[in-house]
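Q: I would like to learn how to read a structure step by step, beginning with chains and ending with strands. Could you guide me?

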Amino acid sequence: MMRHYVTIQPDLAMLDGKFLESKEIGSALLVELYRNHIGDYPKFFKMDALCRVGFVASELLLQAENNVRFEPCDDRAVIFFNQSGSLNADTHYQATIQDPGNFFPSPAAFVYTLPNIVTGEIAIRNKYYGETSFIVLEQADSAVMARQLLNAFLDSATQSIIGGWINCDDDEHFDARLFIIERNEYADVETLAKDIETIKIQ
Amino acid sequence: MEELIYKLKQEIIEVLNLEDMTPEDIDENASLFGEGLGLDSIDALELIVLMEKNYGIKLEDPSKGKEIFKSVAVMADYIQKNRTK
Amino acid sequence: MIVRIADNIVSPLGTTSEANYLAVKSGKSELKRYEGKWNLPEPFVASLIDRPSLDDEFAAHNIDDRYTFFEKVVILSSCKALANAKIDASSEKVLFILSTTKGNVHLLDANETGFPKERVLLGQAARQLTDFFHNPNQPIVVSNACISGVCAQIEAIRNLQGNRFEYVVVVGADVQSPFIVSGFQSFKALSVEPCKPFDADRTGLNLGDAAATIIYARRDAVMADEWVACRGAIRNDANHISGPSRVGEGSFRALKAVLGDFSRDEIAFINAHGTATPYNDEMESIAIERAGLSSVPVNALKGYFGHTMGAAGVLESILSMKAIDDHTILATRGYNNIGVSHPLVLSNQNCPTEKRAFIKLLSGFGGCNAALLFVKGGQQ
């Protein structure tokens, strides 16, 4: 099993297999986790829900990892997968242009209408200059994710990856299952796929 | 004018998601960008939308925003003089 | 080695790679000014496909009205490339990778009916493509903003380095909609005239419709006239989600990674992103200089097609390969006077070259940057 993995869903947060204390649900849970575990990054409140859940999940992972933080780093990639792309942000932006009589396209909403923005938010927070990538799938498929993640190590600069599944249907419904993997930690796609499945079941 | 400044502060806090801030926390003479409130380029674009939506002011040249968004006081003054609603 | 075996471009300039190349070589563009289109309050300049003009081609390929226009151009471009490749697309040895940013986003509009709303999901749109060809593999959709087209090719290279697949079909596509145009307008990123990459008077980008396909295969030996996708890299600026790095950090790092020990003297040109926004082009000039590539010619193709988003990386790679096949560095349409602080070798005329390699460079929202080195005949 990976050394560090995290699950955040509307009604729970788990880090390395242990429940984190929380009482809120949905979007309020993300704010609660931010206040209890992070708290010094006001940009969090500008983020859309996909970025919020990705930001909080990555912070929890990195706190568990307990390495030196915020030093420039060029050997860590951030590679996520989901099903809904940026649908939630797309819907919010569409609302700003739907009514011709109240047509005020919002740049702050538009900027989040790309799923890879969350990988950029994590790169900015942590000074990660390595690869960032976002892949959309018709459905979650651990074997495909494992294959794509191990493929990413074909870039010899990449020594570790924050990766995993991060989906957001709307502001209140999200599902993040992220983890850190190191180069050479997994010899084959099947073993990594099995561990990705394990996070899913917990 | 004071009323407009207060209302503008509330609107800025809302559209820019300045969580944990109240109008009282914003110094109307302090710089909005850089040192002051620390706003960035997307915030500037969102302030352009705010001016159009709430006050009917259309800013054709975004670079003009630099002068207008110097501080809340400067912005309020510009709105006072140019508002169409 | 990973070799290109076929390609296609569907754009306002034509529905084959050859037609597009010849149009570009002769300086043509379909960038036009639109006023009142889609009831948008502000005019814009874009390179849009005249949709009914493709009806005959769709019919000839049995692409019916089950599909959205986005899906139709994706399928049409793939069909035409696959016809040249002569491979069995239904084989489990073939993987499809779709590069797009907004897919069927227009379906979110409350007035859009006739298609299931789920088709706005990029995975569902991609499934239309693989189902059309009866391909059994889950398609990969790369959605990394404007660098997606290069990222998709990098994913193709990586997937072909294992034994699981023999061929990868990379399709890049985006079609314009009020959603996209109004969004870029809200960013004050659009020029109200045809764009001018790297020019002193550049004021922003134009958007465009396109679909482009490259089919890659793995080979042990490469012939001299075959194109090899050698090395790709994706790097982040770690600076800002919408503004490019002021020091070109990610772009510089991506360039450095793909160059490796490859001789700068062998590079015919860098095909830059060159969107013609003030910040992007300036950033690229800094990155190119930092990578020690100031003496290598640079061109940008946005003046012919506008910014075709998910298609751009694929379309611009194809045209760059065709240009080198034709011993040509394509002109940067719209460019007149240098308008970036770091000197670049740019021209608004086609120029001759006998070199056999180029670098495709892209940058996008989310601070991402990508570069890909192509060498005809492979790296010696």
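Q: How many residues does the contact take from chain C and from chain B?
A: Please keep in mind that this is a predicted model. Two residues are in contact if their C-beta atoms lie within 7 Å, and in this case the contact takes five residues from chain C and five residues from chain B. On the side of chain C that touches chain B, one residue is nonpolar, three are polar and one is charged.

Q: At what angle do the axes of helix H1 and helix H2 of chain A cross?
A: A helix can be read as a line fitted to its C-alpha atoms. For helix H1 (residues 27-37) and helix H2 (residues 49-65) of chain A, these axes come within 10 Å and cross at roughly 35°, and the crossing of H1(A) and H2(A) is left-handed.

Q: Which residues in H1(A) and H2(A) meet?
A: From H1(A) they include Leu30(A), Leu33(A) and Tyr34(A), while those in H2(A) include Val53(A), Val56(A) and Leu60(A). The residues of this contact of H1(A) with H2(A) divide into seven nonpolar, three polar and two charged.

Q: In what sense do strands E1 and E2 of chain A pair?
A: Two strands pair if there are at least two bridges between them. Strand E1 (residues 4-9) and strand E2 (residues 12-15) of chain A pair in the antiparallel sense over four bridges, with Thr7(A) as the bridge partner of Met14(A), and they form a hairpin with two residues between them.

Q: Which residue in E3(A) stands opposite Met14(A)?
A: It is Phe19(A), and E2(A) pairs with strand E3 (residues 18-19) in the antiparallel sense over two bridges. In the hairpin of E2(A) and E3(A), Asp16(A) takes a positive phi near 50°.

Conventions
Residues numbered from 1 in each chain as written. Chains lettered and ligands numbered in written order. Predicted model: local features only at pLDDT ≥ 70, side-chain atom pairs only at ≥ 80, totals over all residues. Nonpolar A, V, L, I, M, F, W, Y, C, P; charged D, E, K, R; others polar. Axes fitted to C-alpha atoms, helices over the stretch in contact; angles between N-to-C directions. Left-handed = near helix turned anticlockwise from the far one by under 90°.
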